[in-house]
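Please read it with the sequence and the coordinates open beside it.

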Amino acid sequence: MIYLIQTFLKLFLPLVIAGPSAPPSDSLYHLKGKWASTSGSTQGLKDMRGRPVVLSMIYTRCKASCPLTIAKMKELEAAAGKGDYVFAMASFDPKNDTAPALKKYLADRKLDPAHWQMLSPNADRDARELAAATGVVYSRDEQGEYSHSNVVVLLDREGVIQAKLESLSAETTDFVKKLKELSRAR
Amino acid sequence: MVKIPAGQLKPFWIRPKSQDVQPKPIEVSAFEIQADPVTNREWLVFVKSNPEWRKSKIARVFADDQYLKQWRGDLVLAQGVLEDAPVTHVSWFAAREYCESLGLRLPTLAEWEYVAAADGQKADATRDPIFLQKMLDWYSKPQDEKGLAPVGKSVPNFYGVRDLHGLIWEWVDDFNSNMVTGESRSGNSLDKDLFCGAGGMSGGDKENYAAFMRFAFRSSLKAKFTTWNLGFRCARGGNK
């Protein structure tokens with residue numbers, strides 16, 4: 001009798017307590033970079049899995065185009081309507097853009113933490129990896145200022161890129177359409 | 001590893017604002033770099049201990065479907081591919097992972113160009129017409145996808161580093177750091193909305209055609225891209 005119970009548990013317990021399956025092969029959630037999120041997560045990138053994500057890269061000391069990137073993302077948010085999206089901005093700058101600094105940045109701009117997150121890279125290499133995966137080009141000068149392209153990507157619930165804006169003046173119709181489709185699909 | 005002393009690199013990719021004002025040279029800290037590109041033999045050791053980087057197992061986000069095309073299987077090279085040839089058909093993610101597995105890293109673009117500026121006799125041969133012609137000869141010769149030569153056979157440069165020219169192109173850590181103005185391939189005019197910061201760059205040093213070619217090649221790369229003549233080597237130290 002004990003033997004039967006033990007066998008039963010050995011067979012079925014692993015299935016019961018097993019975690020979620022691995023994301024698809026082309027998901028960004030395979031990336032190894034360490035990101036702290038303003039949501040409180042220490043696995044900031046992976047922990048967005050399960051929700052559609054609109055993702056861009058910025059840094060808070062950026063005076064020129066980064067405010068325009070936020071404006072573009074707010075435009076997408078308005079066009080998309082209601083949904084469980086995350087609008088996420090990952091920073092290039094591990095030195096200045098710590099999670100607390102990013103939290104303040106969000107609060108100063110009155111961006112709703114239920115839908116907006118910012119990601120702080122643990123080190124330069126983490127930012128470089130995410131930029132590489134999303135097609136963002138950037139460099140840092142001696143003063144710590146970043147030159148960077150303004151790419152916005154759309155990730156589905158499993159972290160696979162489904163749409164991309166190559167610049168702030170790119171056409172957003174297809175992007176918004178896909179974003180809406182993702183909020184319906186589960 | 002070969003020790004490379006600190007020095008300066010002229011950023012050939014920045015157009016001088018006028019004849020008399022040269023762009024500020026880039027400071028390169030002393031660092032170390034491998035004398036030769038990483039080989040198939042070394043890659044085999046890596047994938048034996050790191051199965052998720054094998055040809056059949058690699059995640060598609062890390063490499064395209066040409067990954068390790070010159071390998072017949074996870075642990076077997078194709079016919080005619082030499083163990084001591086440079087490993088190619090590896091993506092930036094894979095190259096990076098390899099270096100990190102050894103406590104090393106990819107060289108930065110500045111570091112790579114700095115070391116590659118040397119010929120056999122001097123640290124900076126970028127104004128030497130013989131050196132420049134050699135580069136052009138390599139680029140103008142049609143290359144054969146089959147049968148990459150083994151590493152380490154070329155004449156070492158001033159620092160003792162080999163195969164920086166004439167064998168393969170090489171990944172660098174910040175390959176995605178050069179802003180390009182209006183890509184002529186796509187026919188776009190400069191799109192100011194694309195870039196934050198300084199933005200405008202072009203081949204400032206017209207004589208160094210080879211360096212310009214590398215600059216153009218790198219700007220066409222995507223991190224998961226693999227091709228038959230793109231490999232890498234590792235570095236360590238420096239202020240990276």
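Predicted model: local features only at pLDDT ≥ 70, side-chain atom pairs only at ≥ 80, totals over all residues.

1. A residue counts as buried when its relative accessible area is under 20%. With that cut-off in hand, helix H3 of chain B, residues 109-116, is mostly covered, since eight of its eight residues are buried.

2. For chain B as a whole, 51% of the 240 residues count as buried. Its secondary structure comes to five helices and eight strands, and, read along the sequence, these elements follow the pattern β-β-β-β-α-α-α-α-β-β-α-β-β. Among the contacts in chain B with a separation of 6 or more, 75% are accounted for by residues 24 or more positions apart.

3. Turning to the aromatic residues, the structure holds 20 aromatic pairs over all chains. In one of them, the ring centres of Trp92(B) and Phe93(B) lie 5.2 Å apart with their planes at 70°, and the pair is therefore edge-to-face, as the class begins over 60 degrees. Both partners are covered: Trp92(B) is buried with a relative accessible area of 0%, and Phe93(B) likewise counts as buried, at 5% relative accessibility.

4. Which residues do ring pairs link into a cluster? In chain B, the cluster consists of Trp53(B), Phe62(B), Trp92(B), Phe93(B), Trp171(B) and Phe175(B). Of these, Phe175(B) deserves a separate look: Phe175(B) is placed in the loop between strand E5 (169-170) and strand E6 (195-196) of chain B, and is buried, with a relative accessible area of 4%. Although Phe175(B) and Trp92(B) are 83 residues apart in sequence, their C-alpha atoms are 8.8 Å apart in space. Leaving aside residues up to four places away in sequence, Phe175(B) touches Trp92(B), Arg218(B), Leu221(B), Lys222(B) and Ala223(B), together with Ala132(A) from the other chain named here.

5. On helix packing in chain B, the axes of helix H1 (residues 40-49) and helix H2 (residues 92-101) come within 11 Å and cross at roughly 80°, which makes H1(B) roughly perpendicular to H2(B). On the side of H1(B), the contact is made by Glu42(B), Trp43(B) and Phe46(B), and on the side of H2(B) by Ala94(B), Ala95(B), Glu97(B), Tyr98(B) and Ser101(B).

6. In chain A, helix H2 (residues 66-80) and helix H5 (residues 173-184) pack with their axes 9 Å apart, at an angle of about 55°, and H2(A) and H5(A) are therefore oblique to each other. The crossing of H2(A) and H5(A) is right-handed. Here Leu76(A), Ala79(A) and Ala80(A) from H2(A) meet Phe175(A), Val176(A), Leu179(A) and Lys180(A) from H5(A).

Definitions and conventions. Residues numbered from 1 in each chain as written. Chains lettered and ligands numbered in written order. Heavy atoms only, no water. Phe/Tyr/Trp six-rings, centres within 6.5 Å; stacked < 30°, edge-to-face > 60°. Buried < 20%, exposed > 50% of the residue type's maximum accessible area, 1.4 Å probe, protein only. Axes fitted to C-alpha atoms, helices over the stretch in contact; angles between N-to-C directions. Helix = DSSP H or I, 4+ residues; strand = E, 2+ residues; numbered from the N terminus. Parallel < 35°, antiparallel > 145°, perpendicular 65-115°, else oblique. Left-handed = near helix turned anticlockwise from the far one by under 90°. Contact = heavy atoms within 4.5 Å.
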